[in-house]
Amino acid sequence: SWVMKDYIETAVARIREQVGSDEVILGLSGGVDSSVAAALIHRAIGDQLTCVFVDHGLLRYREAEQVMDMFAGNLGVKVIHVHAAADFMKHLAGVSDPEQKRKIIGREFVEVFQRESAKLPKAKWLAQGTIYPDVIESAGAKTGKAHTIKSHHNVGGLPDTLHLQLLEPLRELFKDEVRELGVELGLPHHMVYRHPFPGPGLGVRVLGEVKAEYVELLQRADAIFIEELRNSRNAEGKSWYELTSQAFAVFLPVKSVGVMGDGRTYDYVVALRAVVTSDFMTAHWAELPYDLLGRVSNRIINEVRGINRVVYDVSGKPPATIEWE
Ligand code: XMP
């Protein structure tokens, strides 16, 4: 749109004026906000921007490749792909408490990011995909108004030990404006309109202790669920992916008995979670069609060896939360 084109021009001019010939670092997570911030800043200053993509191994199926293809490949952005999965897995070994897992992932994230940033000593700016609702939320947190049930973490909120100035070009925008901006900057629609994904990633969707084997099973089950949601439409022609606010699979580290061919199986369980919500503070479980649920279940059990049972979560928020941990 014209409005967006104007906005981009103004934002680009502002970024150029702010940073001059300085170098900028940005933590790219693959999420909407950091992606749009990266695309916008790259539009403004090109190679003065270096993105650091901390791949903690807890991303969705093939997500790391997609992020690299999109930014390093298509857009020609300088991206450092930090392969930190082994590091994260080592620190998570033996830990099953949800809050402790979150803390470890958050702490490790900051550590890896700072280690990588230290390799870019010329950088003067730290860019973040902070959007307007984040600004309000953290203002609330400072005055004690926000109460936290879970210790959320994001790429944002890095401690100030890097001595960098903050560059936050999306600070005045709401989520829908950020999405519009992303599309206008050439990011693919399916990336910009993706469901939200938590910072700790699949670390909070593998219940209890996180193991590489569990993460892999979960990634494959989740990819099947999402693919079927994208491909199934209601009577008005809307996909069930669009009709839900967030949908994902959860790995349950319990085994149950099943039967396959002539044999008995004793394998893990996957729960499907899909919710409809406007603010994520309260949510309804999505009334997905039975034939869709049946198709997803059949495919997961047939295609993912190691899973022999699929259940659907019919809990609202409150009293349940959207994520299981
Ligand atoms: P809950 O599970 O609290 O989740 O009902 C509400 C929304 O927040 C997301 N979520 C997170 N997002 N870092 C994030 O960036 C986190 O640590 C985190 N934990 C939960 C969740 O996916 C849902 O959209």
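Domain bounds, as used here, come from an automatic or database domain assignment. On that basis the protein chain of this predicted model falls into domain 1, residues 2-192, and domain 2, residues 205-312. Taken over C-alpha atoms, the centres of domain 1 and domain 2 are 28 Å apart. Contact between the two involves 10 residues of domain 1 and 9 residues of domain 2. On the domain 1 side, the touching residues comprise 5 nonpolar, 3 polar and 2 charged.

The overall dimensions come next. The C-alpha trace of the protein chain extends over about 70 × 50 × 45 Å along its principal axes. In secondary structure, the protein chain contains 11 helices and 9 strands.

One helix pair can be followed in detail. Two packed helices are described by the angle between their axes and the distance between the axes. Helix 2 (residues 32-45) and helix 7 (residues 175-184) have axes that come within 9 Å and cross at roughly 45 degrees. The crossing of helix 2 past helix 7 is left-handed. Helix 2 contributes Val 32, Asp 33, Ser 35, Val 36, Ala 39 and Leu 40 to the contact, and helix 7 contributes Val 178, Arg 179, Leu 181 and Gly 182. By class, the residues in this contact of helix 2 with helix 7 are 6 nonpolar, 2 polar and 2 charged.

Notes
Residues numbered from 1 in each chain as written. Predicted model: local features only at pLDDT ≥ 70, side-chain atom pairs only at ≥ 80, totals over all residues. Contact = placed C-beta atoms within 7 Å. Nonpolar A, V, L, I, M, F, W, Y, C, P; charged D, E, K, R; others polar. Axes fitted to C-alpha atoms, helices over the stretch in contact; angles between N-to-C directions. Helix = DSSP H or I, 4+ residues; strand = E, 2+ residues; numbered from the N terminus. Left-handed = near helix turned anticlockwise from the far one by under 90°.
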